[in-house]
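Try each one before reading its solution.

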Amino acid sequence: MSTAMDVVQLSRLQFGLTAMYHFLFVPLTLGLSILLGIMESVYVMTGKEVWRQATKFWGVLFGINFAMGVATGITMEFQFGMNWAYYSHYVGDIFGAPLAIEGLMAFFLEATFVGLFFFGWDRLSKVAHLGVTWLVAIGSNLSALWILVANGWMLHPVGAHFNPDTMRMEVTDFGEIIFNIVAQEKFVHTVSAGYVTGAMFVASISAIYLLLGKHVEIARRSITVAVSFGIASALSVVVLGDASGYTATDTQRMKIASIEAMWETEPPPASFTLFGLPNQATHRTEYALRIPWVLGLITTHSIDETVPGITDLVQHNEDHILSGLLAYSALEKLRANRNDPNARAELDQYIGELGYALLLKQIRPDIENATDAEISKAAWGTVPNVALLFWVFRLMVGLGFYFIFLFGLAFYLTSTGRLLKARWLLWLLAFSLPLPWIAAESGWIVAEVGRQPWVVEGVLPTFLAVSSITANNVLVTLFGFIGFYSTLLIVEIYLMIKAIRLGPGHIVTQPRTKELPAASGAE
Amino acid sequence: MSRHPLIPEVTLALAVKLIVILAAALFVFSPRQRPRIDAASMQERLIGASTASPEPRSIYP
């Protein structure tokens, strides 16, 4: 394996697997925390014990997910230092700040209030406990915000400049980094996906209880909240995903062209390829089934704007590489003589293109002498894996529309009082449980594979960001992570199933709390 | 919650997980084992030791 995969591929695989594993927990935490807030709000407003029991039951599942998920993301920070040392030096000034804020502010806020949520039921007033529950939800969402600010900067690096004296990127405007349009859109899209996950989780488990005739009082209330929240979230995630795509048409044009397997620029408005087999070698999409106008309308919201195709973008990137070589030359001169004003001026002029010249380093070390063929090869290297993006994106979008259909139908039947009789829909909800996770992980694959070959778009190629370590070093920790995280996942699923089997009836209330007649009767 | 039957199992799983992660942080990913990167090594990575001037080339198509 170490001969077949180099350090770059292994490090990417390790980081990707760790991130995907971590993101099994995150969306459920985001969604379930809001649902806990909604259910407890109903309890505080109505005073009905059944809502308190429902909040406590879903709180147990939230707690298991939180306990098993907490600190699983920290291993990615270990990898920044070990496997991605050049990346950490080059952009650590920018990337480190939001991560540190996430750790200090949101994590502590979240963790503190999670403790109060579980141990404060009989120590806090109703309203105070409700405040705690909402602070758990806000803390969880704030965590996501800071992580996505960091990730958004990698996709659209703003508010920073390259300092040739320290050989790293430095912050020039932190506000610009926080309010980066890509980060903000990614944040709302991602948390909405988390809300869909939370809604599906509650709806699916409630559907199973209803099918089995168990815990009916809590299950029918929970499923009502879940499908109502679910339809709003599913609509949000699609609308906000569309907004992300609109922005990416300007900020990540190669990603959009690759997702659509659009090899050539079409006259506006561009057609949308519903089905096809993209071929990266021939730069064609075989058996393409195209729908006129749709891509142009989706990505530009107009009928007269052009969506550039991959071939044109590659040509454009060849120009970037040529400009980048001037920046590279100026940087060389400046590192030899830091007081060379001409070199500094030239570097300032072309610094935005330096990353493109660095792409040539994968082809030859003395990039100043690169041939036209090598420059063309490097430019074609800016095209990510088109077939993977094409299909994974369609899987994600297809699931997004399925969630709208499913929650929409369930919401309609709930509103008309027919959901409990529609057993086929309860079965459909039950079997749909894993789908939000598949959609969310697909979204991350689209976002991160679509950024390749960059670790920071247009600034630093991925292959230059990895540490000078051996493939065996990475292999050892990779196998360690796979074994450790697989075990954790099995334990998580075991605990979740056990808690679901125990059901709300096994939540033992404190002595001064009255038991729930309605739920007890139903059980 | 404090008397939920799953508390011992969740606590055990959480404790084992944190111990493993802490051990990884101390013995596998500690600052001692991390590569040290500074401006000089970053220069070496990005522009190498080469000081050759690039051949003149138009940046415009």
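Predicted model: local features only at pLDDT ≥ 70, side-chain atom pairs only at ≥ 80, totals over all residues.

**Exercise 1.** Find which residues make the nonpolar surface patch of about 690 Å².

*Solution.* Start with the members: A:Leu274, A:Phe275, A:Leu277, A:Tyr287, A:Leu289, A:Ile291 and A:Trp391.

**Exercise 2.** Decide whether A:Leu277 is buried, partly exposed or exposed.

*Solution.* First locate A:Leu277, which sits in strand β3 of chain A. Then take its relative accessibility, 39%. Buried would require under 20% and exposed over 50%, so A:Leu277 counts as partly exposed.

**Exercise 3.** Describe the contact between chain B and chain A: how many residues does each chain bring, and how much area is buried?

*Solution.* Chain A brings 64 residues and chain B brings 42. Together the two chains bury about 4600 Å², with 69% of that on carbon and sulfur atoms.

**Exercise 4.** Work out what polar links join chain B to chain A, and which helix of chain B gives the largest share of its touching side.

*Solution.* Begin with the charges: there is 1 salt bridge between the chains. B:Glu9 pairs with A:Lys498 in a salt bridge, their closest N and O atoms lying 3.0 Å apart. Now count the residue pairs in polar contact, which come to 11. Finally, turn to the helices: α1 (7–27) and α2 (39–46) of chain B each supply at least two residues of the side that touches chain A. The largest share, 10 residues, comes from α1(B).

Technical notes
Residues numbered from 1 in each chain as written. Chains lettered and ligands numbered in written order. Heavy atoms only, no water. Patch = residues over 30% accessible without salt bridge, like charges linked within 9 Å, V, L, I, M, F, W, Y side chains within 5 Å. Areas by Shrake-Rupley, 256 points an atom, 1.4 Å probe, with all protein chains shown as cover. Salt bridge = Lys/Arg side-chain N within 4 Å of Asp/Glu carboxyl O. Helix = DSSP H or I, 4+ residues; strand = E, 2+ residues; numbered from the N terminus. Buried < 20%, exposed > 50% of the residue type's maximum accessible area, 1.4 Å probe, protein only. Contact = heavy atoms within 4.5 Å. Buried area = accessible area lost by both parts, 1.4 Å probe. Polar contact = N/O pair within 3.5 Å; in protein donor to acceptor, adjacent residues only side chain to side chain.
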